[in-house]
Amino acid sequence: MKRRPRRSVPAVLVALVVLAGCVLAAIVAVQTIIGEKPWLSYDAVASALHDTRWSDPLPPIAGGVVALLGLLLLVAAIVPGRPTVLPLEGGTDSGASRRSYRSTLRTAASTVDGVSAAKLKVKRSKIVSVVTTGRTNTAGLADAVRAAIEHRLSQIGPATVPAVRVRVKATRSAS
């Protein structure tokens, strides 16, 4: 199971632009029907567009901007995002959310003796953990944290086991 994120941000942006255009058209139509002066005059827009030449800089710039926005929306729709549910061994419907996966592994790293804080990033093929310790001698701490994370990974049983990288930051120096 590899559930991908929804493309809600591009969809909301397109929906807001279309909604704004529809609201503007409705307001202008109602103003025209009841006999008031519309906010946006059809005659003014039509004459401005009629007076614009293809050799003017505005049409290619506007066309380029619209084409770029369309290309960005197309790329956002086609390119897959990071999975929100990571597949586990077993059935096709078995998976763990990225958030719970990360917090479980962070807890495993934090429980190692000498670790005061742990930050963890789950990337595509590796897990990067940065642990903070108050010890002056950090020898073996990275290996202990790596072993704890790998042990927890073996309990979780991901479909593909990522590589584990650990970096230790000491708050006190050994001087």
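Start by selecting Lys119, Lys121, Lys123, Lys126, Arg165, Arg167 and Lys169: together they form a positive surface patch. Strand 3 (115-122) and strand 5 (163-170) are the elements that give two or more residues to the patch, and strand 5 has the largest share, with 3 residues. Strands here are DSSP runs of E, at least two residues long, numbered from the N terminus.

A quick note: this is a predicted model, where local features need pLDDT of at least 70 and side-chain atom pairs count only at pLDDT 80 or more, while totals for chains, interfaces and linings use all residues. Numbering runs from 1 along each chain as its sequence is written, and side-chain values use heavy atoms, leaving out hydrogens and water.

Now click on Lys121, in strand 3. Is Lys121 buried or exposed? At 55% relative accessibility, it counts as exposed, since the cut-off for that is over 50%, with buried being under 20% (1.4 Å probe, protein chains only).

Next, select residues 126-133, strand 4: 7 of its 8 residues are buried. Strand 4 pairs with strand 3 in the antiparallel sense over 7 bridges; pairing takes at least two DSSP bridges. The two form a hairpin with 3 residues between them, and Val122 stands opposite Ile127.

Last stop: strand 5, which runs parallel to strand 4, paired over 8 bridges.

Definitions and conventions: Patch = residues over 30% accessible without salt bridge, like charges linked within 9 Å, V, L, I, M, F, W, Y side chains within 5 Å. Areas by Shrake-Rupley, 256 points an atom, 1.4 Å probe, with all protein chains shown as cover. Salt bridge = Lys/Arg side-chain N within 4 Å of Asp/Glu carboxyl O. Lys, Arg positive; Asp, Glu negative; His and termini not counted. Charge placed at Lys NZ, Arg CZ, Asp CG, Glu CD. Helix = DSSP H or I, 4+ residues; strand = E, 2+ residues; numbered from the N terminus.
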